[in-house]
Amino acid sequence: MVERGSKVKSVLISQDLSCVGQVSMAVALPVLGAAGLRTAALPTALLSTHTGGFGANTYLDLSPEIPGIMDHWASQDISFDAVYLGYLGQEALDVWLTELPKLAGRLILLDPAMADHGKLYRGFDAGYVARMGELAQHAALLTPNLTEALLLLGQPVEKHERIDRKEAFEIVSLLQAKFDLDQVVLTGVPVGTAEIGVFGFSRWDGFWDSVQARVPGSYFGTGDLFASALMAGLMHGFHLQQAAETAGAFVAKSIAKTAPDQDPRFGPNYAAALPWLLGQFLEK
Ligand code: PXL
């Protein structure tokens, strides 16, 4: 549903705001805003930094604000074409379990940001994974990395180091069935020694994959950049595969444009790849 009197599509973004580290809200807002979308930002928590390697970060839970903010928007007839949820935090996940069903009918993208490289992020546990699975049942599109997908399926996370194409498609298929999803994008899948793949399914276009050479370097926030660019592509009318390939290329270009001595905790240089991304939408 497009907001009245406007052709600009609107996206509600809800995830944490980490003050330092270029992850989650701090990259979703600039990417989606620059892509010409009307963004609404609903931060779930305020952290001094992300939880990946800066020591004892502060954490302020903002989730008690969410229901009141949603009620105020409803009273003003403010609605959204799409909803993008990423890293939420323990308390906000519970709030969204109540709130998300009320937004049924929108394009709901859930990036179940909770783990990577075979490990849960600090502060998360098996209960968080189980509740993320419940939330996934209210999403239309799920974009886990391989570790998150294995956790959501209750499979051994040791497999995150390398799987083959057949296993990757099986994982996509199992996720689709378990959470009754319209669309799935399994991201950052290491296939072979020097390649990285994205494997997807859409109810409309079936299964597809896209494998490319891995750009060396591992940075925080790449999953958030990918999901943000994916959402931007979908809002510009791209099919899922085209949106995922564009998002994957955007992340690869961001990494390629990052100084080799840059501290990976601060994320890649996505700003240098943003003009390229926006060009993809203009050419459409
Ligand atoms: O999506 C990465 C991310 C987002 N938000 C917070 C994080 C991380 C990764 O560590 O800690 C707070």
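1. Asp94 and Arg131 form a salt bridge in which the closest N and O atoms are 2.6 Å apart, the term standing here for a side-chain nitrogen of Lys or Arg within 4 Å of a carboxyl oxygen of Asp or Glu. Because Asp94 belongs to helix α3 and Arg131 to helix α4 (residues 126–136), the pair ties together parts that are 37 residues apart in sequence. Arg131 is buried, with a relative accessible area of 18%, whereas Asp94, at 38%, counts as partly exposed; buried means under 20% relative accessible area, exposed over 50%, and partly exposed in between (1.4 Å probe, protein chains only).

2. This is a predicted model, in which local features need pLDDT of at least 70 and side-chain atom pairs count only at pLDDT 80 or more, while totals for chains, interfaces and linings use all residues. Residues are numbered from 1 along each chain as its sequence is written, and side-chain values use heavy atoms, with hydrogens and water left out.

3. By the rule given for salt bridges, the count comes to seven. One of them joins Asp209 to Arg165, with the closest N and O atoms 2.7 Å apart; since Asp209 lies in strand β11 and Arg165 in helix α6 (residues 165–179), this pair ties together parts that are 44 residues apart in sequence. Both residues count as partly exposed, Asp209 at 21% relative accessibility and Arg165 at 43%.

4. Arg265 and Asp263 also meet through their side chains in a salt bridge, at 2.8 Å from N to O, and here Arg265 is partly exposed at 28% relative accessibility, as is Asp263 at 25%.

5. Strand β10 (residues 195–202) is antiparallel to β11, with eight bridges between them, and Gly200 has Trp208 in β11 as its bridge partner.

6. The axes of α2 and α3 (residues 90–99) come within 10 Å and cross at roughly 35 degrees. Their contact (heavy atoms within 4.5 Å) is made by Ile66, Pro67 and Met70 of α2 with Ala92, Val95, Trp96 and Glu99 of α3.

7. The largest nonpolar core has 50 residues, and those with the most contacts inside it are Leu12, Trp96, Leu135, Ile171, Leu175 and Leu186; such a core is a set of buried Ala, Val, Leu, Ile, Met, Phe, Trp, Tyr and Cys residues joined through side-chain atoms within 4.5 Å. Once its neighbours within four places in sequence are left aside, Leu135 is in contact with Leu85, Leu88, Leu93, Trp96, Leu97, Leu100 and Leu110. A second, separate core of 41 residues includes Val27, Ile255, Leu274 and Leu277.

Note on methods
Pairing = 2+ DSSP bridges. Helix = DSSP H or I, 4+ residues; strand = E, 2+ residues; numbered from the N terminus. Axes fitted to C-alpha atoms, helices over the stretch in contact; angles between N-to-C directions.
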